Amino acid sequence: YANQRALELLVEAGFTPLEAITVGTLNGAKYLGRDARTGSIAAGKQADLLIVNGNPAVNITDVRNVETVFKRGVGFDPAKLIESVKGRVGLW
C-alpha cells in the first residue's frame, strides 16, 4: 500500500500518472544501476507484474485495483496474500 500511495502522491504533486509510474519503476532501477535487467517490461528482463482493473496510466488510483500479482512467473491472489500476513505485518 505504501508504494501505491507514493504513486498517488507524485500525481498530486503534479506528475502525470505515467510519469509517476516511471518514477516508481524505471527510475529506481536506473538509480540502483539495475535498469539493464529490471525496471521496465522488455524481453530478457526480470519483472514482477500486477494485473489491475483499470488504467493507472490515466487514473493513478487504479493501482489500488489489483486483481493478480505475478512474482517469478507465478500468479497470486492479492486477497490471499494479505490474509497470509494478517497480524504479522503492516496494517493487518
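**The salt bridges and their surroundings**

Author: R5 and E12 join their side chains in a salt bridge, with 3.0 Å from N to O; the term requires a side-chain nitrogen of Lys or Arg within 4 Å of a carboxyl oxygen of Asp or Glu. The model is a predicted one, in which local features need pLDDT of at least 70, side-chain atom pairs count only at pLDDT 80 or more, and totals for chains, interfaces and linings use all residues. Residues are numbered from 1 along each chain as its sequence is written, and side-chain values use heavy atoms, leaving out hydrogens and water.

Helices (H or I, at least four residues) and strands (E, at least two) are DSSP runs numbered from the N terminus. R64 is partly exposed, since its relative accessibility is 39%. E8, by contrast, is buried because its relative accessible area is 6%.

The side chains of K71 and D48 also meet in a salt bridge, here with 3.1 Å from N to O. Since K71 lies in strand 2 and D48 in the loop between helix 2 and strand 1, the pair links parts that are 23 residues apart in sequence. Both residues count as partly exposed, K71 with a relative accessible area of 42% and D48 with 47%. Shared partners join R5, E8, E12 and R64 into one network of salt bridges. Over the whole structure, the search finds four salt bridges.

Leaving aside neighbours within four places in sequence, E8 is in contact (heavy atoms within 4.5 Å) with I60, T61 and R64.

V63 is buried, since its relative accessible area is 10%. Apart from neighbours within four places in sequence, V63 is in contact with Q4, L7, V52 and P56. From V63 to G14 the separation is 49 residues in sequence and 17 Å in space, C-alpha to C-alpha.

In the loop between strand 2 and strand 3 (74-76) lies R72. R72 has a phi near 55 degrees, a positive value in a residue other than glycine. Most residues other than glycine have a negative phi. R72 counts as exposed because its relative accessibility is 76%.

The setting of these pairs is a chain with three helices and three strands, arranged from the N terminus as α-α-β-β-β-α. Its C-alpha trace spans about 35 × 35 × 25 Å along the principal axes. Of the 92 residues, 14% count as buried. Among contacts with a separation of 6 or more, 28% come from residues 24 or more positions apart.

As to confidence, the chain averages a pLDDT of 91, and 96% of the residues score at least 70; pLDDT is the predictor's confidence in each residue, from 0 to 100. Helix 2 (residues 17-31) has the highest confidence, at 94, and helix 3 (residues 78-84) the lowest, at a mean of 87.

Key
Buried < 20%, exposed > 50% of the residue type's maximum accessible area, 1.4 Å probe, protein only.
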